[in-house]
Amino acid sequence: MLLSLVGTPLDVAARQAIIGQHAERICLVMSGLACRYATLPDGTRRIAAFIIPGDLVGSPAGFTSGLPWRVGTLIRCSVAGLSRPDLCTLSRTYPGIRRALQWLMQDELNRARAWLLNDSQPSLQRVAYLLCELQARLEAAGLAGQGACELSLSQADLADAAATSHVHVSRVLQTLFSERLVSLGHQKLTITDVPRLRDLAGFDPGHLAAGVAELEANDLLGSG
């Protein structure tokens, strides 16, 4: 039923908008890497979330935040559109689909809270955390292994996500290079030692599944 809602995927080039502030559609990212971002008054960009394949972009319930957030591609992406009314109808008809949408929203909320906490860390740990989160999410989606992980992420993108300058994030990456935690080649950043990088960042992959566990527990309580 879900697959029947997915339209023909479209290729979207890197650095292009997917959805603006008051979009009335939902998009499913099929491949590539995108982000949710805002342009600050001084013209700089702040990335607030990374969007990976399998993520829905746009609220199924039609909510808008009222904030100047945009969604754009970081690399070439394949994106398919979904009908919001049809998705809402499915969620009312099928409890499993409703729970899945709740899980997605809870997961995004948990990650937003984690980013707020991460902003208080030193820049080295802050950058390491972002890399760990991306690796863990890609692994959960079946797009990365537990060992080395390639990320099509530029230093400029990483700097905008870590709320630091491009020069400073370059220095942080040099430290990670020297510690043999990450490497750079063929325009891709590779995490070469996932466990050590997680130790440095204080990253616990379990928090990514916390929302799912909480919703499952609530379902059990409700059914009891």
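What follows is a chat about this predicted model.

Q: Which residues have the most contacts inside the largest nonpolar core?
A: They are F50, V127, L131, L153, L176 and L197. The core has 39 residues.

Q: Which helix gives the most to this core?
A: Helix α4, residues 123-140. It gives nine residues.

Q: What does L131 touch?
A: Leaving out residues up to four places away in sequence, L131 touches L151, L153, L158, L176, V182, L189, I191 and L197.

Q: And what does the second core include?
A: That one is separate and has 11 residues. Among them are I18, V29, V57 and V79.

Q: On to helix α7. Which of its residues are buried?
A: V194, L197, R198 and A201 are the buried residues of α7, which spans 194-201.

Q: Where do they fall, seen down the axis of α7?
A: Within an arc of 100°, so they line one face of the helix. The general rule is that an α-helix has 3.6 residues a turn, so residues three or four places apart point the same way.

Q: Which residues are exposed on the other side of α7?
A: P195 and D199 are exposed there.

Q: What caps the N-terminal end of α7?
A: D193 does. One of its side-chain oxygens lies 3.2 Å from the backbone nitrogen of R196.

Q: And just after α7?
A: G202 comes there, with a positive phi of about 65°.

Q: New topic. How many aromatic pairs are in the whole structure?
A: A search finds two. One of them is F50 with W115, an edge-to-face pair. Their centres are 5.7 Å apart, with 70° between the planes.

Q: Where do F50 and W115 lie?
A: F50 is in strand β5 (residues 45-51) and W115 is in helix α3 (residues 95-118). They are 65 residues apart in sequence, so the pair ties together separate parts of the chain.

Q: Are F50 and W115 buried or exposed?
A: Both are buried.

Q: What about Y129 and F203?
A: Those two also form an edge-to-face pair, at 5.2 Å centre to centre and 75° between the planes. Y129 is in helix α4, and F203 is in the loop between α7 and α8 (210-223). The pair links distant parts of the chain, 74 residues apart.

Q: Is Y129 buried or exposed?
A: Y129 is buried, because its relative accessible area is 8% and the cut-off for buried is under 20%. F203 counts as buried too, at 6%.

Q: How many disulfides are there?
A: The count is zero. Take C35, which is in no disulfide. The nearest cysteine sulfur belongs to C77 and is 9.4 Å away.

Q: Is C35 buried or exposed?
A: Buried, with a relative accessible area of 1%. C149 also counts as buried, at 1%.

Q: Where is A14?
A: A14 sits in the loop between β1 (10-12) and β2 (17-19). It is partly exposed, with a relative accessible area of 33%.

Q: What is A14 in contact with?
A: T73, L74, I75 and R76, leaving aside neighbours within four places in sequence. The C-alpha atoms of A14 and T73 are separated by 5.2 Å, although these residues are 59 apart along the chain.

Q: Last stop, α5. How many of its residues are buried?
A: Six of its eight, so α5 is mostly covered. The buried ones are D157, L158, A159, D160, A161 and A162.

Q: What do they pack against?
A: The buried residues of α5 pack against β5, α3, α4 and α6.

Q: What follows α5?
A: A163, with a positive phi near 55°. T164 lies in the loop between α5 (155-162) and α6.

Q: Is T164 buried or exposed?
A: T164 is buried, because 19% relative accessible area is under the 20% cut-off. T164 touches R126, A159 and V169, not counting residues up to four places away in sequence.

Terms used: Residues are numbered from 1 along each chain as its sequence is written. This is a predicted model: local features need pLDDT of at least 70, side-chain atom pairs count only at pLDDT 80 or more; totals for chains, interfaces and linings use all residues. Side-chain values use heavy atoms; hydrogens and water are left out. A nonpolar core is a set of buried Ala, Val, Leu, Ile, Met, Phe, Trp, Tyr and Cys residues joined through side-chain atoms within 4.5 Å. Buried means under 20% relative accessible area, exposed over 50%, partly exposed in between (1.4 Å probe, protein chains only). Helices (H or I, at least four residues) and strands (E, at least two) are DSSP runs, numbered from the N terminus. Contact means heavy atoms within 4.5 Å. The arc is that of the directions from the helix axis to the C-beta atoms. A polar contact is a pair of N or O atoms within 3.5 Å; within protein, one must be able to donate a hydrogen and the other to accept it, and residues adjacent in sequence count only if both atoms are side-chain atoms. Rings of Phe, Tyr and Trp (its six-membered ring) pair if their centres lie within 6.5 Å; planes under 30 degrees apart count as stacked, over 60 as edge-to-face and the rest as tilted. A disulfide is a pair of cysteine sulfur atoms within 2.5 Å.
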